[in-house]
Amino acid sequence: MNEIVTEPEERRHGMHRIDASTAESTETAISCSDLVRIYSGEGVEVQALQGLNLQVSRGELVAIIGASGSGKSTLLGILSGLDKPTAGRANVAGRDLLSLTRKQRLDYRRHVVGFIWQQTERNLLPYLTARENVMMAISLAGAPNGSARSAELLDLLEIGHLSDRVPSQLSGGEQQRVAIAVSLANEPHVLLADEPTGELDDATSAEVLEVMRSVNRELGVTTLIVTHDPAVSEHVRRTVLIRDGRTSTEVFRSHGDDGEHSVAEEFTVIDRSGRLQLPAEYVSRLQLRDRVRLELEQTHVRVSPAQSPVPPPVPPPERPWTPPAGSSVPPPERAQRVGGPGTEEETS
Ligand code: ADP
Ligand code: MG
């Protein structure tokens with residue numbers, strides 16, 4: 001069938017809300033609309049974000065996956081308040097990131113967001129113990145009871161027994177757990193992690209991701225993990241794919257009827273203006289280019305090529321073979337015929 005049928009997602013499921021386009025509500029923790037970031041320098045412009053749309057609900061754990069250079073760190077730089085977009089809108093926990101004053105931006109970084117970076121050395125001070133690193137972050141955030149709270153956080157991350165070690169006495173996975181404790185020190189509304197498992201082996205990565213998942217569940221902190229590693233999607237319910245500085249498709253994972261195996265469903269993102277990106281595979285399969293035909297049906301939208309693709313050659317109609325009158329020639333090898341119904345049966 002040479003068409004793609006798109007139908008409202010709620011109609012099929014009646015449960016997920018992946019409305020990437022609607023106005024923020026108090027339930028929305030992160031909202032980016034048509035976000036653009038252009039780096040310019042030495043006469044060259046790089047469009048790192050090209051109209052990115054993303055909505056993350058409060059308490060959600062979301063992975064953003066994309067190839068190197070797709071704009072992931074640029075997005076996190078903006079969400080963390082370190083960088084400003086060229087155009088578009090970005091709102092985190094009710095703050096409009098484009099209109100923050102210097103003072104508000106500092107307050108935002110101190111009290112609203114927590115970060116975890118890929119490079120473990122960027123997360124921790126090497127000459128402080130795990131406990132001291134967490135206590136220092138708590139005191140920078142101006143929170144009381146540093147000692148009790150740091151013990152609580154290190155216990156939550158299952159590294160309470162390693163509190164007195166400095167980073168060089170900890171494995172990569174343990175260092176990232178301390179980094180997660182540090183990132184939670186200011187009781188952030190939103191936790192942002194840039195390739196938090198990028199320097200870990202597969203088994204340790206899986207452990208750290210499970211720890212992040214349990215922190216998300218227990219503390220209810222909205223968590224965004226960006227990574228180039230597709231395996232991360234196995235640890236989260238919602239994965240958003242980023243391609244060329246835009247979100248393209250989303251995968252939702254839910255547990256199947258047996259409660260053990262997860263079922264993944266893929267969706268495409270539609271922005272506020274109604275634009276959506278078709279998966280590259282669909283485009284090439286149906287040879288879609290330049291323009292497509294759209295038809296609004298009662299429950300879905302049909303997308304088909306503007307021109308019908310060249311149809312495959314039709315095999316000649318079958319006629320029963322009849323020998324010429326008075327001849328004893330046997331029938332020709334029928335297997336030489338190409339295609340047509342019943343070919344398989346006849347060749348066997
Ligand atoms: P990712 O984290 O997905 O690998 P980045 O957000 O780091 O991608 O980069 C997106 C694009 O922007 C890349 O082409 C990168 O080279 C470019 N870029 C990133 N930071 C800068 C910068 N400070 N100046 C110029 N170009 C940059
Ligand atoms: Mg990056």
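Predicted model: local features only at pLDDT ≥ 70, side-chain atom pairs only at ≥ 80, totals over all residues.
Me: Glutamate 42 lies in the loop between β2 (28–41) and β3. Why is glutamate 42 called exposed?

Reply: Residues are numbered from 1 along each chain as its sequence is written, while chains are lettered from A and ligands numbered from 1 in the order in which they are written. A residue is exposed if 12 or fewer other C-beta atoms, placed from the backbone, lie within 10 Å of its own, buried if 20 or more do, and partly exposed in between. Glutamate 42 has 5 within 10 Å, so it is exposed.

Me: What makes asparagine 145 exposed?

Reply: Asparagine 145 has 10 C-beta neighbours inside 10 Å, so it counts as exposed. Asparagine 145 is found in the loop between α5 (130–140) and α6 (146–156); helices (H or I, at least four residues) and strands (E, at least two) are DSSP runs, numbered from the N terminus. Asparagine 145 has a positive phi of about 50° although it is not a glycine, and for glutamate 42 phi is positive too, at about 50°.

Me: How do you know which residues surround ligand 1?

Reply: A residue is near a molecule if its C-beta atom, placed from the backbone, lies within 6 Å of it. The residues around ligand 1 include Tyr39, Val46, Lys72 and Thr74. β3 (44–57) and α2 (72–79) each supply at least two shell residues, and α2 gives the most, with three.
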